[in-house]
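Please have a look at the sequence and the structure first.

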Amino acid sequence: MIVTMLLKEGERFMRKPRKRSFAELVLENKRQLLKDQEAMERIEERLELKRLNKAE
């Protein structure tokens with residue numbers, strides 16, 4: 001996707017959108033997971049099973 005910006009009357013400047021870093025993508029993913037209660041429950045269940053298996 002290319003973004004077109006208007007500088008002065010009749011002049012245009014085109015630039016590529018800034019690529020997000022890995023850390024930014026991780027934070028975005030984390031925010032989405034925190035909003036999704038069903039996904040959080042699945043993660044908690046997997047962690048609980050993992051802990052129980054280690055305790056045995």
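## Model and confidence

This is a predicted model, in which local features need pLDDT of at least 70, side-chain atom pairs count only at pLDDT 80 or more, and totals for chains, interfaces and linings use all residues. Residues are numbered from 1 along each chain as its sequence is written, and side-chain values use heavy atoms, leaving out hydrogens and water.

The average pLDDT (the predictor's confidence in each residue, from 0 to 100) is 82, and 73% of the residues score at least 70.

## How H1 meets H2

Helix H1 (residues 22-35) packs against helix H2 (residues 37-55) at about 95°, with the axes 5 Å apart. The two are therefore roughly perpendicular (65 to 115 degrees). H1 brings Leu 33, Leu 34 and Lys 35 to the contact, while H2 brings Gln 37, Ala 39, Met 40 and Ile 43 (heavy atoms within 4.5 Å).

## The start of H2

Asp 36 caps the N-terminal end of H2, with a side-chain oxygen 3.3 Å from the backbone nitrogen of Glu 38.

How values were computed
Axes fitted to C-alpha atoms, helices over the stretch in contact; angles between N-to-C directions. Helix = DSSP H or I, 4+ residues; strand = E, 2+ residues; numbered from the N terminus. Parallel < 35°, antiparallel > 145°, perpendicular 65-115°, else oblique. Polar contact = N/O pair within 3.5 Å; in protein donor to acceptor, adjacent residues only side chain to side chain.
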